[in-house]
Amino acid sequence: MVDRLVNSEANARRIQLVESCFGSSGQPLAVPGRVLVGEGVLTKMCRKRAKARQFFLFNDILVYGNILMNRKKYNKQHIIPLEAVKLESLEDDGHFRNGWVIRTATKSFAVYAATNTEKQEWMAHINKCIEDLLRKSGKKAVEEHAAVWVPDSEASICMHCKKCQFTVLNRRHHCRKCGAVVCSPCSNKRYLLPHQSSKPLRVCLTCYDSLTRAKVLSSNSGENSFSKDSSGEDDSDDDEDTNRSQQETHDEYGSSLKALMRSSTTSPNTMTTSNIICC
Ligand SMILES: [Zn+2]
Ligand SMILES: [Zn+2]
């Protein structure tokens, strides 16, 4: 089905539209062979809180951005190559329902759909794209993924020493290996995590110890994974909003997955959303 759309005019028009919605803040998205598979609003768990983000699923990349005007303008574009993505379903937990984790080598995060059906559709479409890509390229799925960061709000004290209270001055930091929220003294070590960065990154003392031990073992057995570079890190969560202060959910935008293509085995009635664009 995706293959049938590759050279279609409708597909080219849709991709053009996505590109224009990001304006100059986005990358060119039209490349040969790329198909827009679906789009919709998902609630993304960010460092500080859950936020509505517009997601676009292409057959080779997942793109998301901040919503400036409902379905008209987006910025802060992020592009995730699907080849390196692994999904993991999340159990419902209080307000956090219909979620799953999007894991990549450099960044992993949780997203939530409005309904369970949408969650299943998103996951199935994304997984199908990943499968097709890996089959075509003959590559193997990426094994190492970045940790999901524990949201700031879940830790009022350091998760390592369990003593240090966080304040405006006593800032929270995230261990890049396990995702825990830790204080500065408990994360004063850096370690090279080559899948995430060419520079050594902040890790908690527990992870530093276990990484160091693992390295000693692996270098004894002849393997080596050593640093190429050494310098600082970026502690910011780069898709934090600057212009919206309260928690947003997909309800605010009343949107959901808009599937632009259906697998030939899916009957139209199995899609629950009303905003399907047929191809
Ligand atoms: Zn601490
Ligand atoms: Zn850690």
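Biologist: Which residues of α3 are buried?

Modeller: A residue counts as buried if 20 or more other C-beta atoms lie within 10 Å of its own, as exposed if 12 or fewer do, and as partly exposed in between, with C-beta atoms placed from the backbone. Helices (H or I, at least four residues) and strands (E, at least two) are DSSP runs, numbered from the N terminus. In α3, the buried residues are Glu118, Lys119, Glu121, Trp122, His125, Ile126, Cys129 and Ile130. This is a predicted model, in which local features need pLDDT of at least 70 and side-chain atom pairs count only at pLDDT 80 or more, while totals for chains, interfaces and linings use all residues. Residues are numbered from 1 along each chain as its sequence is written, and chains are lettered from A and ligands numbered from 1 in the order in which they are written.

Biologist: Which residues touch the most other members of the largest nonpolar core?

Modeller: A nonpolar core is a set of buried Ala, Val, Leu, Ile, Met, Phe, Trp, Tyr and Cys residues joined through C-beta atoms within 7 Å. The largest one here has 35 residues, and Val37, Phe56, Leu57, Phe58 and Leu62 touch the most other members. Elements giving two or more residues to this core include β1 (36–45), β3 (61–69) and α3 (116–137). The most come from β2, which gives six residues.

Biologist: What is Leu57 in contact with, leaving aside its neighbours within four places in sequence?

Modeller: Two residues are in contact if their C-beta atoms, placed from the backbone, lie within 7 Å. By that rule, and with those neighbours left aside, Leu57 is in contact with Val37, Gly38, Glu39, Leu62, His125, Ile126 and Cys129.

Biologist: How many bridges join β6 to β7?

Modeller: Two strands pair if DSSP finds at least two bridges between them. Five bridges join β6 to β7, and the two run antiparallel. They form a hairpin with four residues between them. Val101 has Ala110 in β7 as its bridge partner.

Biologist: Is Lys162 buried or exposed?

Modeller: Lys162 is exposed, because 8 other C-beta atoms lie within 10 Å. Lys162 sits in the loop between α3 and β8 (173–174), and has a positive phi of about 60° although it is not a glycine.
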